[in-house]
There are 2 protein chains.
Amino acid sequence: MSQTIEQKCITKGVKLTDQRKIIAKIMSEAQDHPDVDELYNRASKIDPKISIATVYRTVKLFEEAGILAKHDFKGSKARYEELIEDHHDHLIDIKTGEIIEFVDEDIEKLQKKVADKYGYNLVDHRLELYGVKKKS
Amino acid sequence: MSQTIEQKCITKGVKLTDQRKIIAKIMSEAQDHPDVDELYNRASKIDPKISIATVYRTVKLFEEAGILAKHDFKGSKARYEELIEDHHDHLIDIKTGEIIEFVDEDIEKLQKKVADKYGYNLVDHRLELYGVKKKS
DNA sequence: GTAGATGCAAAGTATTTGCGACAAG
DNA sequence: CTTGTCGCAAATACTTTGCATCTAC
């Protein structure tokens with residue numbers, strides 16, 4: 001039973017204001033990886049008085065609380081997505097900007113092995129694939 | 001017989017000004033991954049009149065010419081390194097900021113396989129490992 | 001000689017912050 | 001009630017750009 005973003009806020013002791021609820025809802029429902037501007041646009045439709053500063057403050061807060069993940073893909077602004085238990089990496093279509101999420105256990109294992117080889121414990125990683133659709 | 005950065009400029013038809021020669025030299029000799037500020041500092045010691053704008057223009061030009069690689073590691077400014085034939089990825093020490101370069105052919109192959117699985121041709125990728133040194 | 005490069009300062013982006021008003025717990 | 005949040009606008013950090021001058025080829 002996975003928690004909603006609002007539930008995670010309560011668990012982590014993050015105060016739930018109206019603005020944060022709006023952002024929580026948008027990110028919960030998002031099927032994509034919106035950037036701050038897009039998030040601000042969507043939030044403004046619900047609460048036209050919300051400030052972009054609040055959006056920035058909230059995504060940062062949520063990121064630090066482990067609720068959202070921030071991605072700085074090449075050639076675009078910072079994008080956010082809800083942080084779910086099962087980790088995944090991203091394949092980015094450089095023509096369309098479409099983002100495909102994938103998981104590859106073998107790559108994960110090899111990454112640990114590489115870190116190990118150099119005497120490191122792997123704390124985090126970033127794997128992004130950039131590609132173009134093959135003609136079918 | 002690998003070319004120097006200056007030679008690459010000539011090959012690629014990039015005009016060699018004094019400022020560009022300075023930046024080429026610094027990057028050729030760099031054992032690290034300097035950011036623009038650091039590059040500007042090192043360049044200023046050779047030519048105190050060089051402008052930061054020129055440094056920005058030059059790294060961008062070199063990047064587009066395939067002479068330098070730009071890296072946006074998490075939590076730090078854009079860093080540059082000379083682009084060498086043999087590709088490598090990076091392992092970043094999150095305590096010290098030290099950067100270790102590594103190559104893992106198996107991971108490379110698996111990346112291609114993943115892209116392929118989703119119907120993509122892999123054009124580029126980014127793999128960064130973030131770790132802490134193990135106690136020995 | 002001429003197209004392109006430089007230095008400077010001003011303008012852009014993306015993001016953060018100080019502050020008085022306001023709201024959640 | 002009191003601590004923390006919000007909206008606003010100003011500030012910051014990094015990067016780009018317009019323009020007059022200068023330089024590599």
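The model is predicted: local features need pLDDT of at least 70, side-chain atom pairs count only at pLDDT 80 or more, and totals for chains, interfaces and linings use all residues. Residues are numbered from 1 along each chain as its sequence is written, chains are lettered from A and ligands numbered from 1 in the order in which they are written, and side-chain values use heavy atoms, leaving out hydrogens and water.

**Two chains together**

In chain B, 35 residues are in contact with 35 residues of chain A (contact means heavy atoms within 4.5 Å). The size of an interface is often given as the accessible area lost when the parts come together. Here the two chains bury about 3,400 Å², 62% of it on carbon and sulfur atoms (accessible area lost on being put together, 1.4 Å probe, summed over both parts). B:Tyr120, B:Arg126 and B:Lys134 lose the most area in chain B, together 24% of what that side buries.

The interface holds 6 salt bridges (a side-chain nitrogen of Lys or Arg within 4 Å of a carboxyl oxygen of Asp or Glu). One of them joins B:Lys134 and A:Asp116, at 2.2 Å from N to O. On chain B's side, E5(B) gives the most, with 14 residues (strands are DSSP runs of E, at least two residues, and helices runs of H or I, at least four, numbered from the N terminus).

**A residue in E5**

B:Lys133 is found in strand E5, residues 120-133. Is B:Lys133 buried or exposed? B:Lys133 is exposed, because its relative accessible area is 53% (exposed is over 50%, buried under 20%, partly exposed in between; 1.4 Å probe, protein chains only). Leaving aside residues up to four places away in sequence, B:Lys133 touches A:Gly119, A:Tyr120, B:Asp93 and B:Glu98.

**DNA strand D**

Around DNA strand D there are 20 residues (near means a heavy atom within 4 Å). Those that come nearest include A:Thr17, A:Arg57 and B:Tyr56.

| Residue | Protein atom | Distance |
|---|---|---|
| A:Lys49 | backbone N or O | 3.3 Å |
| B:Leu16 | backbone N or O | 3.4 Å |
| B:Tyr56 | side-chain N or O | 2.5 Å |

H4(B) supplies the largest share of this surface, 4 residues.

Conventions:
A polar contact is a pair of N or O atoms within 3.5 Å; within protein, one must be able to donate a hydrogen and the other to accept it, and residues adjacent in sequence count only if both atoms are side-chain atoms.
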